[in-house]
Amino acid sequence: MQATQVRAIRGFALGLLALTSGWLGGGFTASAETVPPIAVTASPAELLAWDAVLKELTPGAGQATADFSFAVTNISSSQVVIDGVRTSCGCTVAKLPSQPWLLAPHDGGQIHVTVNLAGKSGTIYKTITVLSTNAPKVLTVKVNLPENPVMVRARNAQMAAADRQAVFKNDCAKCHAEPAKDKTGKDLYVAVCAICHEEQSRNPVVPDLHRLNKPTDYAYWKEWITNGKANSMMPAFAKQQGGPLTDEQIDSLAQVLVKALPPGVQAVPRAKPVPPEPPIPILNKRDPGQLK
Ligand code: HEC
Ligand code: HEC
């Protein structure tokens with residue numbers, strides 16, 4: 001009986017809309033272009049009030065799901081039936097207290113939403129469409145997850161390929177420029193060069209400076225550090241070119257590199273990554289002879 005009442009109200013609202021648009025069409029023909037067309041499907045007045053239509057969460061590390069609840073109240077004086085919910089992905093489940101869920105006038109309750117975070121990274125949005133005797137309502141949840149490091153690295157490389165000085169700008173500067181502050185010589189190499197050139201899993205376009213098959217001298221190092229190379233990911237470090245290094249810093253770096261990376265000297269082979277310690281205590285004793 002209640003549902004019939006609601007349907008009756010809805011029918012009345014639609015009829016009213018149809019009437020209104022007819023009236024607008026007839027009464028204001030002169031300004032017809034400026035009046036936005038009123039669709040007959042326009043949603044009737046809201047019967048349900050939500051505590052929010054967008055909720056956001058930053059889950060802790062290792063959390064497998066992000067859980068939300070949306071509170072809803074029937075603000076009308078008739079019963080509203082929530083028939084079901086639809087979510088934008090299989091990873092998102094929305095639960096109603098019952099299905100269908102009958103909300104008496106001024107009654108309320110909660111819809112629980114769970115987003116499965118497996119395999120997800122970055123900022124994600126999921127929607128939940130609530131189907132009821134009222135118009136469908138779209139709720140959104142936003143989950144802030146750490147970005148996938150592989151994707152971040154690929155994007156950074158892409159930015160550097162487009163602008164090799166990008167490494168010294170905005171957020172990139174935190175890792176690629178700021179560590180240079182007040183450093184000279186070897187410390188400076190470790191702070192700003194090693195990040196690309198001594199990385200275990202170096203990008204293949206980054207050369208191994210220990211294995212340069214060409215004559216190198218002070219001028220060579222100074223030139224590369226100062227100007228880098230156009231159309232590559234090797235940036236120009238000189239202040240005059242938007243880099244982080246002063247002439248004195250470049251000089252100190254070139255001086256140590258002449259000695260530390262002489263031409264033609266083969267590098268010690270890269271150390272293999274040390275496997276994690278086995279959990280069995282007796283196997284934990286490493287043979288000191290294996291350590292270099
Ligand atoms: C949190 C520190 C950090 C930030 C911020 C950062 N990088 Fe890097 N970058 C690294 C590290 C560490 C490496 C060495 C490779 C690796 O381990 O990913 C690297 C390597 C690179 C390389 C060499 C190619 C490669 O993939 O190894 C380029 C080019 C680069 N970054 C560009 C950028 C750009 C452009 C930005 C800003 C959009 C940026 N980086 C922001 C830490 C950072
Ligand atoms: C963002 C990553 C990145 C950083 C940081 C970086 N380099 Fe490079 N470097 C490169 C890439 C990529 C190349 C290869 C350029 C090309 O295409 O020839 C390169 C090339 C070079 C070369 C030329 C090697 C050759 O083949 O002759 C030298 C020398 C060099 N870098 C020195 C340095 C020094 C010194 C620093 C620190 C002041 C430094 N690089 C910092 C990415 C980097």
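**Ground rules.** I am working on a predicted model, in which local features need pLDDT of at least 70 and side-chain atom pairs count only at pLDDT 80 or more, while totals for chains, interfaces and linings use all residues. Residues are numbered from 1 along each chain as its sequence is written, and chains are lettered from A and ligands numbered from 1 in the order in which they are written.

**Overview.** I listed six helices and nine strands in the protein, taking helices (H or I, at least four residues) and strands (E, at least two) as DSSP runs numbered from the N terminus. Of the 292 residues, 16% are buried, where a buried residue has 20 or more other C-beta atoms within 10 Å of its own, an exposed one 12 or fewer, and a partly exposed one a count in between, with C-beta atoms placed from the backbone. I then looked at contacts (C-beta atoms, placed from the backbone, within 7 Å): among those between residues at least 6 apart in sequence, 64% join residues at least 24 apart.

**Ligand 2.** I took a residue as near a molecule if its C-beta atom, placed from the backbone, lies within 6 Å of it. By that criterion 22 residues surround ligand 2, and the closest are C193, C196, W224, S232 and M234. The elements that give two or more residues to this shell are α4 (185–197) and α5 (218–227), and α4 gives the most, with five residues. By class, I noted 18 nonpolar, three polar and one charged residues around ligand 2.

**Ligand 1.** Here 19 residues form the surroundings, with N156, A160, C172, C175 and N203 as the closest. Two or more residues come from each of α2 (149–162), α3 (173–176) and α4, and the largest share, five residues, belongs to α2. The shell around ligand 1 divides into 11 nonpolar, three polar and five charged residues.

**Helix packing.** I next turned to α4 and helix α6 (residues 247–260), which pack at an angle of about 95° with their axes 8 Å apart; axes are lines fitted to C-alpha atoms, for helices over the stretch in contact, and angles run from 0 to 180 degrees between N-to-C directions. This makes α4 roughly perpendicular to α6, since angles of 65 to 115 degrees count as roughly perpendicular, under 35 as roughly parallel, over 145 as roughly antiparallel and the rest as oblique. On the α4 side the contact is made by G185, K186, L188 and Y189, and on the α6 side by Q249, S252, L253, V256 and L257. I sorted the residues of this contact into five nonpolar, three polar and one charged.

**Strands.** Two strands pair if DSSP finds at least two bridges between them. Four strands form an open sheet in the order β1-β3-β7-β5, with antiparallel pairing. Its edge strands are β1 (48–50) and β5 (92–95), each of which pairs on one side only, and neighbouring strands of this sheet are turned by 25° against each other on average, direction ignored. Within it, β5 and strand β7 (residues 108–116) pair in the antiparallel sense over four bridges, and the bridge partner of A94 in β7 is V113. I also followed strand β4 (residues 80–87), which pairs in the antiparallel sense with strand β6 (residues 101–103) over three bridges and with strand β8 (residues 123–132) over five bridges.

**F168.** This residue is found in the loop between α2 and α3 and counts as buried because 22 C-beta neighbours lie inside 10 Å. Not counting residues up to four places away in sequence, F168 touches A173, H176, A177, P235, G242, G243 and P244. I also checked F168 against A236, 68 residues apart along the chain, and found their C-alpha atoms separated by 9.7 Å.

**Backbone exceptions.** Most residues other than glycine have a negative phi, and most peptide bonds are trans. N170, in the loop between α2 and α3, has a positive phi of about 45° although it is not a glycine, and with 9 C-beta neighbours inside 10 Å it counts as exposed. N231, in the loop between α5 and α6, has a phi near 55° and is exposed, with 7 other C-beta atoms within 10 Å. The peptide bond from Q99 to P100 is cis, with omega near -5°, and P100 lies in the loop between β5 and β6.

Methods
Ala, Val, Leu, Ile, Met, Phe, Trp, Tyr, Cys and Pro count as nonpolar, Asp, Glu, Lys and Arg as charged, and the others, Gly among them, as polar. Two residues are in contact if their C-beta atoms, placed from the backbone, lie within 7 Å.
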